[in-house]
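Hi,

Here is the model I promised to pass on to you. Have a look at it first, and then read on for my notes on what turned up.

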Amino acid sequence: MLFLNHVYLLPIVPAVGAAVMFFFGRRLRKIAIDTVCIGVIVVAFLFACVTVAEYSSFAHGTGQAFEKIVYTWLGSGDAQLASAMNGGAHQTFNADAGFLLDPLSCVWLLFVTGVGLLIHIYSTGYMAHEGGYYRFFGYMNLFMFFMLTLILANNYMMMFVGWEGVGLSSYLLIGFYFHRHSASSAANKAFIVNRIGDVGFVLGALTLFYYLGSFRFTDINALARSGRFSIGDPVLSAAALLLFVGACGKSAQLPLYVWLPDAMEGPTPVSALIHAATMVTAGVYMVARSNAIFVLAPGAMKTVAIVGALTAIFAASMALVQNDIKRVLAYSTISQLGYMFLALGVGAFAAGVFHVFTHAFFKALLFLGSGSIIQAMSGEQDMRNMGGLKDKIPTTHWTMFVGTLAIAGIFPFAGFFSKDAILWQTWTSEGGAYRILWFVGYATAMMTAFYMFRLMYLTFYSRVRMSPAIRDKVHGLSKSMTAPLVILALCSLGAGWLSWPQSLGGSARFEHFVEPVFAHEAVVLEHAGKSGQVSAGEKEAQHTDKAEYLLMILSLAAGAAGWGVAHNAYRNAGKDYAEPIAQKLPRLYGLLYNKWFVDETYDYVFTGRRKLGNVTLGALGVGEAASWFDTKIVDSAINDVGWVTRAASTLSAWFDRWIVDGLAVRGIAYLTLPFAYVARLFEWGLVQWYALIMVAGLIGFGVYYVWK
Amino acid sequence: MNSAINATNATMAPVATPYFFYGLATLAIVSAFLVITRRNVVHSALALIVTLLSVAGLYLMLYAPFVAGVQIIVYAGGVMVLFLFVIMLVNIDRSYKEKRFSGLWPIGLAAASALFTLFLFAFIKGRALFPDRMMLLPESSNTQQIAGLLYGDAGKMGQYTFAFEIASLLLLVAILAAVVMTKKRA
Amino acid sequence: MTLSDENAANIVAGTTQDHVSGNDSPKTYLDSNELIINMGPQHPATHGVLRVILKLDGERVLGTECVIGYLHRGVEKIAENRTYAMFNPYVDRMDYVAAVSNGLGYCEAVEKLLNVEAPARAKYIRVILAELNRIASHQLWLGTHALDIGAMTPLFYTFRDREEILKIFEKYCGARLTTHAFRIGGCLYETYAGFEKEVKNFVKFVTPKIDEYEALLTGNRIWMERTKNVGVISGPDCIALGVTGPVLRASGVQWDVRKAQPYAAYSEFEFEIPVGTTGDTYDRYLVRMSEMRQSLRIIEQAVNGLPEGPIMAKVPKVIKPPVGEIYHSIESPKGELGYFIVSDGTTQPYRLRVRPPSFVNLQALDVMVRGLLVADVVAVIGTIDIVLGEVDR
Amino acid sequence: MVPISTLHYLIVAAALFVLGVVGVLTRRNLVVILMSIELILNAVNLNLVAFSRMWGNLHGQVFSIFITADAAAEAAAGLGILIAFFRNKETVNVDEIDLLKW
Amino acid sequence: MPDFVTSYLGSTLTPGEAGNQFWALVYVFVIFAGVSLAVMSMNWLERKALAHFQIRLGPMRTGPHGLLQPIADAIKLLLKEDIIPAGADRFVFWVAPLIGLLAAFTVYTVIPFGPSQAVSDMNIGILFMLGVSSLGVLGVVVAGWASNSNYPLIGALRSSAQMVSYEVAMGLAVVSAILMTSLNETGTGTLSMIGIVRAQQEQGVWFIFKFFPLGLIAFIVFAIAMVAETNRAPFDMAEAESELTAGYHTEYSGLRWSLFMLAEYAAMISVSSIAVTLWLGGWMRPFSRLLRGSAWDLIFSLFPAVTFMGLAAVAFVGVVRMPRRSDFKVQKIGLAVFGWLLGFIALMLLIIAIAGRSNGAAIPSTVNQSIGYIYWFLLKVAVFMYLFIWYRATWPRYRFDQLMRVGWKVLLPISLTVLVATAIVGILLS
């Protein structure tokens with residue numbers, strides 16, 4: 001249990017790498033940077049593996065959480081706050097530097113370090129010729145440090161440290177090319193939008209503290225599960241909703257998703273690691289972590305499900321027509337995150353978590369693949385200028401093909417299992433109350449298949465559309481870039497098998513592994529008569545009906561349909577191919593192409609950067625209004641008052657000059673002069689004078705002690 | 001000559017006769033007087049070195065050889081070289097033409113005389129507090145004993161170990177301060 | 001370093017003129033940005049009477065200015081008042097440590113003007129003596145250069161071995177330094193008895209001695225620290241400044257008049273041109289060391305193949321070259337030594353101009369020492385290998 | 001002859017101390033003032049060592065070692081300030097250093 | 001013989017310890033004269049050895065093989081005009097060489113030529129030595145300043161910066177040797193020079209070989225630093241004639257200049273003595289553990305006599321090899337006398353060595369032992385002296401910035417590391 005007992009060292013490992021980079025990185029050579037940065041991640045990965053192994057022998061499948069509290073880092077000391085519940089007991093406001101390991105964090109731990117390691121390796125190839133190499137890896141290691149802190153935190157405050165930390169490293173990495181205006185403004189956007197979510201998070205956490213008297217997950221869960229609270233408790237609902245606002249910000253859900261597409265300004269490995277595979281799933285993690293609260297707040301659950309479903313289809317619709325390869329993947333990420341929240345919302349926590357797990361692999365794969373394409377194309381990101389790359393970069397091609405199959409939900413690739421589980425859970429939950437969401441999800445699945453195959457066709461299969469100059473420069477890629485692709489492709493293929501559904505004769509090992517975390521909630525839900533929302537593994541054992549098979553076939557069909565449509569439309573896309581949507585529904589295409597004008601709307605409504613006619617709304621609008629009020633109303637009032645004052649002051653001046661000045665001030669000043677001279681002796685500005693005063697003091701002391 | 005041989009009272013023997021004390025004390029005071037009166041700063045510095053060395057001699061008479069060694073190595077060898085360096089850096093040619101004493105000198109002198117009178121008065125008044133005979137310290141293990149106080153003995157932490165560390169920190173800070181302040185800003 | 005310039009002395013002393021008189025607060029020299037120091041003309045490390053005015057920032061050299069002419073004797077002007085044969089001894093006084101090369105260049109130039117060719121035996125003798133002289137010059141350079149950098153001992157070793165060369169010269173033509181060994185049209189003296197044996201013995205004697213010098217210096221860490229990356233000059237810079245000789249070759253340019261435009265009998269011998277890479281002082285040192293070895297190779301071949309025959313071509317008693325002009329250059333130990341002679345058909349040259357390698361190479365000093373420390377200036381002056389007699393003429 | 005007692009040393013130290021004080025109070029040159037401070041510190045050291053002898057323990061000597069370290073630090077920092085000041089004002093006269101007045 | 005003389009010959013205490021002021025004065029006088037003599041012979045030796053390194057002969061005319069050259073030099077320097085430059089600070093100019101000389105000579109009071117052959121065995125011996133030798137810097141600085149000339153000033157600043165910097169590395173190396181003295185049963189070390197040698201005796205190992213290679217490294221650091229500390233080649237920055245003419249003593253001439261030289265050579269001998277004391281076992285004869293027993297003792301006690309015999313033989317060979325010409329007669333006779341003198345000393349030593357073996361002769365025995373101590377100590381110091389000359393003949397000069405870099409970035413870290421490593425190893429092994 002050595003590693004388990006010292007699990008607090010795990011986040012420190014990458015922090016060491018980051019520190020080395022920040023302090024000495026500039027002077028190190030590339031090989032040294034590689035050794036240090038990759039080395040710490042390798043150590044972290046092995047550490048994580050050993051820790052998880054030790055944990056599983058510790059828990060014996062009971063899912064008992066392992067908690068390690070190192071010290072209290074944030075606290076009110078002995079000052080106590082009354083908590084509303086918990087018997088009104090006085091609680092100290094303390095947050096520990098504590099670490100919690102349970103199946104949920106184990107899952108995150110493994111794929112964050114694993115995928116992180118692969119992406120680090122990939123980056124050595126991808127970033128090889130970029131300036132600020134050490135800076136990049138320093139940030140990456142810093143990110144790993146904060147992400148691991150977030151995952152391993154045992155309370156909301158500690159988690160918030162990681163939460164803000166990953167936000168910070170995300171900001172740094174999006175703005176990595178800080179000399180590019182678009183990159184720095186994208187970084188700012190991401191940071192600001194995230195702050196909105198963070199407000200929700202902090203308020204939610206503090207509400208929970210106010211209500212339950214602790215920040216610790218274990219305490220909160222214990223209290224929530226104690227049965228003291230009725231389902232639908234208003235304060236808990238509010239807390240859950242506030243936490244969900246935080247999750248929306250971090251995980252790019254409607255309406256706070258706008259930062260994620262812009263975040264693609266960062267280097268592609270960053271997009272893969274932070275903005276697809278790990279950080280953006282922090283929201284999902286947090287909601288899953290707080291499942292005990294959410295279960296007690298059905299309203300919040302419904303909100304989560306609906307927001308998730310809407311985000312999924314909304315983002316997918318925008319992905320249909322994007323031409324920038326990374327943006328397609330970005331919207332796809334948002335869409336998939338929507339899926340996860342949908343799953344969480346309908347109570348299928350395990351399924352949602354499983355989707356996070358599989359999604360990490362294939363989305364990282366797709367992003368890295370797109371990075372390889374961009375690298376091979378010497379920086380070109382527009383799919384309209386690609387095509388026919390199949391033979392030029394074969395490894396990238398077939399790995400990305402695997403990724404596409406996975407995300408499109410083709411059997412037996414990873415996406416099929418997780419997506420199918422979500423859809424199936426959605427279909428069955430609450431006795432079918434959410435079936436409308438199933439349709440949304442299903443449509444999303446179809447669109448996903450379409451835009452992903454559109455991406456494949458436009459880049460790899462269709463006619464060559466790039467300029468000859470670029471075509472000649474297209475080159476193969478280094479081993480350090482292709483090797484992670486291959487590994488990720490294998491994972492994308494096989495990760496789904498961890499949860500081979502029982503209906504297909506599997507054992508759903510994954511679900512069983514994370515089940516203990518959610519088991520209690522399943523009982524609660526069942527008790528509440530919402531029997532649909534049970535963790536997947538158990539439920540499948542109970543209901544293996546034909547509908548499930550039907551849904552599987554349907555979702556396969558959705559994937560196939562999307563593939564087919566894309567195949568037809570883009571198989572032979574030449575220089576001026578036509579977008580099918582643009583042809584059939586030109587207005588919708590315009591709407592989609594402009595991303596539903598959401599950014600513009602935000603500009604109109606919230607920031608005020610765009611004017612609605614003559615009226616400015618949003619932050620700038622408020623500012624302008626305040627300015628108008630200030631100059632027109634306040635100032636003129638002041639001016640008027642000033643005139644009155646001047647008249648009065650003429651009068652008073654006479655009085656002042658003769659009575660006050662003459663009699664009072666000067667008279668007193670002349671009186672002061674002799675005293676001032678004495679005071680001045682102490683502030684002469686001469687060193688020796690001060691020394692003299694010191695000596696005088698010394699003499700004084702001496703005299704006192706001699707004659708005492 | 002015979003008396004010299006017979007004075008082989010090993011460690012208890014006085015380091016030197018009282019004459020040495022008077023000689024060293026006179027040397028110290030006279031050169032200290034030169035320090036504050038010389039117009040040429042280098043002469044002052046040389047006089048100060050003489051004072052420091054005489055004080056080191058007094059330490060030896062007080063059975064404090066380690067302190068005497070430290071006095072020589074730190075003051076005479078280190079600090080005074082620093083002073084001479086600085087004197088050479090800040091051209092002193094000008095000071096030949098200038099007033100030596102500040103305008104405050106009568107007051108300063110008066111205050112200092114008052115202080116000295118006070119000291120003497122205090123000594124006279126408190127004469128009974130000072131025994132004529134001095135304790136004898138074992139000279140041969142002086143260094144070891146000081147080390148015991150500073151670093152600790154036989155596994156125990158010394159009484160002044162912590163203070164010693166702080167003193168080293170202080171020196172470090174002083175070094176940094178000196179470097180930072182004297183560095184030419186490009 | 002001698003302070004001769006009044007103003008410079010004042011600056012060095014820390015007071016400029018207005019400070020001495022005025023009440024202005026004086027600036028100390030350690031505080032001011034620029035300090036001007038005179039190196040030479042009396043200074044142990046300027047190899048004669050070179051005067052270098054150094055502009056310093058602390059100890060760092062901001063710029064240099066060479067003042068030359070302290071040894072000017074008007075050699076070129078003298079040539080216009082002497083007959084061709086009479087002028088021959090004068091050229092020995094230019095680069096007095098490589099007098100043979102000077103004479104060789106002059107004689108060949110006049111021969112070219114007269115359209116006379118020296119006999120084969122004379123050419124071989126010339127090559128032998130010129131290469132011996134190259135070794136002697138490099139030995140002198142090595143000794144003084146090492147002494148400048150603080151290694152005293154090599155000086156004595158090189159002088160011991162140079163003595164053997166001078167002995168051969170003395171036996172051959174009676175003079176040790178200013179030899180006047182050659183005449184227009186060939187050589188005056190036949191080799192003395194045992195000349196070949198002595199030269200061969202010398203080659204055998206000196207080969208291990210060169211290894212001995214290298215053993216003292218080449219791998220020496222202090223020597224390397226003092227010379228590596230000191231006084232770096234690039235090949236293009238050398239060409240732009242007209243620098244020739246070992247300095248040019250150390251910068252990686254393979255240019256040697258013996259190979260490029262072979263004169264005397266050089267086309268008949270096998271030898272290599274050592275080339276450096278970085279163009280720093282250490283490379284120049286290595287180039288000269290291996291040049292000495294190559295010279296030994298040439299000498300060995302020349303002695304072994306010394307042909308029989310006359311040593312003097314048919315040259316008129318009164319040398320009156322036809323009207324015309326000629327430029328002829330040879331590779332002296334210091335670099336390309338060229339003679340440009342304009343003849344008006346009389347017995348005296350109308351104009352004679354020397355291209356002295358030392359003078360041209362000295363122009364690279366400023367480029368080399370900028371940004372270095374004062375101690376490096378000494379090393380760089382040594383490494384350029386100038387002879388002030390040749391610079392000033 | 002009177003045996004040398006603690007008081008003798010104290011008187012010598014007092015004299016040194018007062019001379020140092022006079023130097024600090026009267027001299028204009030900052031370097032000399034710093035040297036006078038060294039004198040004062042030395043006087044203190046002498047007292048400490050004399051008392052150490054008087055009481056027969058070594059604490060006084062240890063303290064004097066600390067004071068020596070202090071004095072070294074003071075000299076380094078003080079001279080650093082002096083040089084920095086000299087660079088800006090080109091004077092080391094203490095009565096021209098009166099910026100604190102304003 | 002007066003009682004106090006004979007009583008002291010058998011004493012095992014230093015005059016300082018014994019409170020024997022007469023012998024202390026004798027020692028002071030002997031050391032002063034001896035060091036002056038050593039400096040003179042060192043001067044001759046350096047010229048000759050350097051000359052032979054450089055295939056020259058060196059001084060040959062003044063006396064046989066230039067043996068009287070140092071004396072001639074001294075007379076010349078004494079008689080030379082004593083120039084004090086205009087504008088120089090006369091008093092400081094006058095006092096500067098004395099400071100250097102005093103510092104250089106004062107340290108000899110604690111150098112142990114034998115267990116009782118020192119003026120005094122100070123409790124803080126090595127600290128005293130380092131402190132007093134660091135006073136030598138003052139002489140250099142003050143000399144440069146007082147000359148009222150720029151080259152001396154720059155030279156003084158350079159060499160004092162150099163000396164102060166190298167003192168740090170030197171001090172740390174010394175501390176690691178002192179640390180080694182504390183590795184005994186009681187765990188208390190000593191700063192006393194005699195105590196340090198005694199510690200080596202007790203531990204049965206010269207500190208250069210202790211904790212191999214830690215002692216060796218510390219010794220090497222010290223050996224390099226001491227060359228820099230004495231301003232000798234290849235660290236003779238202050239006297240770099242190709243840059244700064246003659247450094248801080250450019251303006252000095254005659255007697256004062258010779259005082260500087262005297263101080264420099266005396267300092268060379270004193271730092272070598274520190275090195276010998278700290279690392280090379282001081283007065284101990286080599287292999288005192290390995291080759292023990294009375295037979296070996298006898299053989300080793302014959303060494304001084306044999307050495308002088310060898311020197312005498314060399315002198316006689318010189319006599320024989322002199323040209324048979326009349327104008328060489330004086331020189332021949334002089335060298336022969338010198339040879340006889342050496343031979344006589346050898347004979348005396350032999351007699352003492354033999355007499356010391358016989359039973360019941362207490363005084364000859366102790367005297368014999370004392371001679372052995374002094375002999376071995378001086379032999380070791382002489383090796384260092386030869387090394388100084390050897391360095392000068394072999395190496396080019398460092399540049400100032402390189403020199404400071406070596407001091408601060410190479411020697412200082414190494415000596416710190418060695419110090420820490422010594423402490424760790426000492427703790428681990430105890």
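Let's start with one residue in chain A. A:Phe191 sits in helix H7 of chain A, which covers residues 181-212. A:Leu172 is 19 residues from A:Phe191 along the chain, and their C-alpha atoms are separated by 9.6 Å.

Please keep in mind that this is a predicted model. For the complex, the predictor gives an ipTM of 0.72 and a pTM of 0.63.

Now the rest of chain A. Chain A has 29 helices and 2 strands, and 51% of its 708 residues are buried. Taking the contacts in chain A between residues at least 6 apart in sequence, 79% join residues at least 24 apart.

How do H4(A) and H5(A) run relative to each other? The axes of helix H4 (residues 103-126) and helix H5 (residues 133-152) of chain A come within 10 Å and cross at roughly 175°. Angles over 145 degrees count as roughly antiparallel, so that is how H4(A) and H5(A) are described. On the H4(A) side the residues are A:Ser105, A:Trp108, A:Leu109, A:Val112, A:Gly116, A:His120 and A:Ser123, and they meet A:Met140, A:Met144, A:Met147, A:Leu148, A:Ile151 and A:Leu152 of H5(A). By class, this contact has 9 nonpolar and 4 polar residues, with no charged ones.

Chain A also has a cis peptide bond, which joins A:Phe411 and A:Pro412 with omega about 0°. A:Pro412 is in the loop between helix H17 (394-408) and helix H18 (414-428) of chain A.

Chain E has a cis peptide bond too, from E:Phe212 to E:Pro213, with omega near 5°. E:Pro213 lies in the loop between helix H8 (193-203) and helix H9 (214-229) of chain E. In the loop between H8 and H9 of chain E you will also find E:Phe211, a residue other than glycine with a positive phi near 50°. E:Phe211 has 21 C-beta neighbours inside 10 Å and so counts as buried.

E:Ile55 has a positive phi as well, of about 45°, although it is not a glycine. E:Ile55 is in the loop between helix H3 (21-53) and H4 of chain E. With 11 other C-beta atoms within 10 Å, E:Ile55 is exposed.

Helix H4 (residues 69-79) of chain E has an axis that comes within 6 Å of the axis of helix H11 (residues 254-279) of chain E, and the two cross at roughly 135°. H4(E) and H11(E) are therefore oblique to each other. E:Ala74, E:Leu77 and E:Leu78 make the contact from H4(E), while H11(E) contributes E:Gly254, E:Leu255, E:Trp257 and E:Ser258. The classes here are 5 nonpolar, 2 polar and no charged residues.

Next, the contact between chains D and B. Here 63 residues of chain D are in contact with 70 residues of chain B. Helices H1 (6-26), H2 (30-55) and H3 (59-89) of chain D each supply at least two residues of the side that touches chain B, and H3(D) gives the most, with 20 residues. That side of chain D has 44 nonpolar, 14 polar and 5 charged residues. Chain D has an average pLDDT of 85, and 95% of its residues score at least 70.

Which residues touch the most other members of the largest nonpolar core? They are B:Ala45, B:Met80, D:Val31 and E:Ala225, in a core of 343 residues. Helix H4 (residues 65-89) of chain B gives the most to this core, with 17 residues. Apart from it lies another core of 224 residues, including A:Leu104, A:Ile119, A:Val295 and A:Leu366.

Finally, a word on chain C, which has 17 helices and 8 strands. Its mean pLDDT is 83, and 90% of its residues reach 70 or more. Over residues 1-32 of chain C, however, pLDDT stays under 50. Where pLDDT is low, the predicted coordinates should not be read in detail.

Best wishes

Key: Residues are numbered from 1 along each chain as its sequence is written. Chains are lettered from A and ligands numbered from 1 in the order in which they are written. This is a predicted model: local features need pLDDT of at least 70, side-chain atom pairs count only at pLDDT 80 or more; totals for chains, interfaces and linings use all residues. A nonpolar core is a set of buried Ala, Val, Leu, Ile, Met, Phe, Trp, Tyr and Cys residues joined through C-beta atoms within 7 Å. A residue is buried if 20 or more other C-beta atoms lie within 10 Å of its own, exposed if 12 or fewer, and partly exposed in between; C-beta atoms are placed from the backbone. Helices (H or I, at least four residues) and strands (E, at least two) are DSSP runs, numbered from the N terminus. Two residues are in contact if their C-beta atoms, placed from the backbone, lie within 7 Å. Ala, Val, Leu, Ile, Met, Phe, Trp, Tyr, Cys and Pro count as nonpolar, Asp, Glu, Lys and Arg as charged, and the others, Gly among them, as polar. Axes are lines fitted to C-alpha atoms, for helices over the stretch in contact, and angles run from 0 to 180 degrees between N-to-C directions. Angles under 35 degrees count as roughly parallel, over 145 as roughly antiparallel, 65 to 115 as roughly perpendicular and the rest as oblique. pLDDT is the predictor's confidence in each residue, from 0 to 100.
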